[in-house]
Amino acid sequence: MPVYSAPLENIRFVLHDVLDVAQISNLKGLEEATPDMMDSILEEGAKICEEVFFPLNQVGDTQGCTRNDDGSVTTPEGFKEAYETFAEGGWTALACDPEYGGMGMPMVLNTVMKELICSANMSLGMYPGLSYGAYEALYKFGTDELKDLYLPKIVDGTWSGTMCLTEPHCGTDLGLIKTKATPNEDGSYAVTGTKIFISAGEHDLTENIVHLVLAKLPDAPEGAKGISLFIVPKFVPDAQGNPGERNAVSCGSIEHKMGIHGNSTCVMNFDGAQGWLVGQAHKGLRAMFAMMNDARLGVGMQGLGIGEVAYQNALAYAKDRLQMRALDGVKEPDKVADPIIVHPDVRRMLLTGKAFTEGARALAYWTGMKIDIARHHEDEAVRAEADDLVALLTPIVKAYLTDMGTETANLAIQTYGGHGYIHEWGVEQYARDGRIAQIYEGTNGIQALDLVGRKMGVGFGRLLRRFFHPVMTFIEAEQASPAMAEFVFPLAKAFAKLQQSTAMVAQKGLKDPNEAGAASVDYLRQFALVAMAFMWCKMAKAAQEKLQSDEKNHSDEFYESKLETARFFMTRMLPEADARFKMVLAGAAPLMDMDVANF
Ligand SMILES: Cc1cc2nc3c(=O)[nH]c(=O)nc-3n(C[C@H](O)[C@H](O)[C@H](O)COP(=O)(O)OP(=O)(O)OC[C@H]3O[C@@H](n4cnc5c(N)ncnc54)[C@H](O)[C@@H]3O)c2cc1C
């Protein structure tokens, strides 16, 4: 049976020792989010994830969702009760505005909770996860009337939300959507079309489902500029805000898929369903992007969550499984063989998972904290700077964390050997569940294009400077420190190459967009590795300081292990940045010269 224990000690290290999360409670509106308050919320959050969500993870995988003859969808046994416990505990309201019944807690705390939820049960966690995306879109772009009607119910978890973008002929290229919205006399719209792959499109967890749907108005311009966003409820709320008349939206079928079986992936048919415009006509993508930016960070947390639980299981197995003797002599003579954790290759696999999850945690929480600063800091310039950094880091967090989440799950399978491939051990589920995170919310290839195509050029590299400056400042401050040399030098070298490849991609990409496209995925990976190296340097610095200090939050062994893991990252993972640098320099020709007929 798989195991999971929320990594609270590691989480606290990042929040308190590395990021100094106490500064969040100085922000206007977040005064209550003191470090103690956050710690106690997380302890409760850990309990619900470990005790309520996690035991249902394999159940969800085995049973999956069922579409009934009347079009309703039944989720796996226990999901409804677990969701109710979650909503009653106020978890759907965690980071929402108190004006609508939310708890008003910071995004960084929400980010941590997302990690825990995704480790415990990604499929179940997606239901409230999508609702939060719907909350964000409505909160930012809805009229007061729409907000008053829908937000309190979404916030308290009575209603859930979806994102309906994809259609059979378009996923990435949303400019091609065919779903139509025609105006009704009462100011609402009749929405008609078919959406596919809609997560949580139909289910039995909530009394109403609120769909956020991309559609085109009759006078819409061609392409992505002609898309509008509509809210289409399953039951149209009556004047009191209770679910009223059944709307003309229904689940045509559910997909049978590789993983996340406990989450219903639906074909949704809109047959003149009544909907209301959210935001401005033809500006739907803008609103949808507001939702997607949060969702992309959330998907990144799926990668981290999956990586963490896979690593925990691989570690437990590697300490227990006895095979062969250590290369440098017997370690446990009273046993028939040594545990496989003595073997260098098994250690390589485990340390990759450990260095990834711990580094990625710091990167993701840092991004979460910057969202709080971008929203709540009283100085506009500081807010704008933080917002820039979040915009830059979002595609990196989404793509790198999900790619590496799957990689870590695969390494966990490998650590188990043949047992990893067998269903009952539970680790193969992580590779299947985590795999979709590399695809939805914009494939990771599209994240890379977002980085080089949209983010890189903004304000003549303004977004890039938001990351480059703190890295340079850190290197300058630490390069003379003998204790930090083994961490700072590799960072400085990798950073210099990132600056070179940035200049190259920017210059060549301006002349030939294929150059930017061809470089994009390798460039994103190179960037991510430098960002991880920066995080590992910060963690190493914090660990060294704490080892010298009398005020420690953790044991000396804990801090030593941070330094050892930082060493592993710098020597065994960061060198990949060099290879990616060379791939970026290779340019577009090796990819684009070949005629299609020659493939
Ligand atoms: C389980 C599951 C749940 C989902 N949940 C939702 C949901 O809740 N709501 C929703 O709206 N959608 C959802 N999706 C859909 C998902 O977001 C899309 O599948 C995804 O965006 C990719 O679109 P596509 O499948 O049409 O692939 P395509 O767009 O056809 O892409 C195919 C390949 O071509 C590449 N490609 C396309 N264009 C370019 C380009 N310009 N440059 C480089 N490469 C390119 C892509 O990266 C990809 O590798 C879900 C999908 C699944 C499988």
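Helices H7 and H9 are roughly parallel to each other, a label used for angles under 35 degrees, with over 145 counting as roughly antiparallel, 65 to 115 as roughly perpendicular and the rest as oblique. H7 covers residues 284–320 and H9 covers residues 380–416; their axes come within 7 Å and cross at roughly 20°. Those axes are lines fitted to C-alpha atoms, for helices over the stretch in contact, and angles run from 0 to 180 degrees between N-to-C directions. The crossing of H7 and H9 is left-handed, meaning that the near helix is turned anticlockwise from the far one by less than a right angle, whereas clockwise would be right-handed. Sort the contact of H7 with H9 by class and you get 16 nonpolar, 11 polar and two charged residues. Here Ala, Val, Leu, Ile, Met, Phe, Trp, Tyr, Cys and Pro count as nonpolar, Asp, Glu, Lys and Arg as charged, and the others, Gly among them, as polar.

A word on what you're looking at: this is a predicted model, where local features need pLDDT of at least 70 and side-chain atom pairs count only at pLDDT 80 or more, while totals for chains, interfaces and linings use all residues. Residues are numbered from 1 along each chain as its sequence is written. Helices (H or I, at least four residues) and strands (E, at least two) are DSSP runs, numbered from the N terminus.

Now look at strand E11, residues 265–278. Strands count as paired if DSSP finds at least two bridges between them. E5 runs antiparallel to E11, joined by nine bridges, and Lys195 has Met268 as its bridge partner in E11. E10 (residues 249–254) also pairs with E11 in the antiparallel sense, over five bridges, with Val249 partnered by Phe270. Then there's E7 (residues 228–233), antiparallel to E11 with three bridges; Phe230 finds its partner in Leu277.

Off to another pairing: E8 (residues 235–237) and E9 (residues 243–246) run antiparallel with two bridges, and Phe235 has Arg246 as its partner. E8 and E9 form a hairpin with five residues between them, and Gly241 in the turn has a positive phi of about 85°.

Next, the ligand. It is surrounded by 19 residues, the closest being Leu165, Gly171, Thr172, Ser199 and Thr443; being near means that a residue's C-beta atom, placed from the backbone, lies within 6 Å. Strand E3 (159–164), strand E5 (189–199) and helix H12 (444–455) each supply at least two residues of that shell. The shell divides into 10 nonpolar, eight polar and one charged.

Most residues other than glycine have a negative phi. Ala200, in the loop between E5 and E6 (208–215), has a positive phi of about 60°. Ala200 is buried, with 27 other C-beta atoms within 10 Å. Phe460 sits in the loop between H12 and H13 (462–478), and its phi is also positive, near 50°. Phe460 counts as exposed, with 9 C-beta neighbours inside 10 Å.

Finally, find Cys537 in helix H15 (residues 513–548). Cys537 is buried, with 23 other C-beta atoms within 10 Å. Leu563 is 26 residues away along the chain, and the C-alpha atoms of Cys537 and Leu563 are separated by 9.3 Å.

Key. A residue is buried if 20 or more other C-beta atoms lie within 10 Å of its own, exposed if 12 or fewer, and partly exposed in between; C-beta atoms are placed from the backbone.
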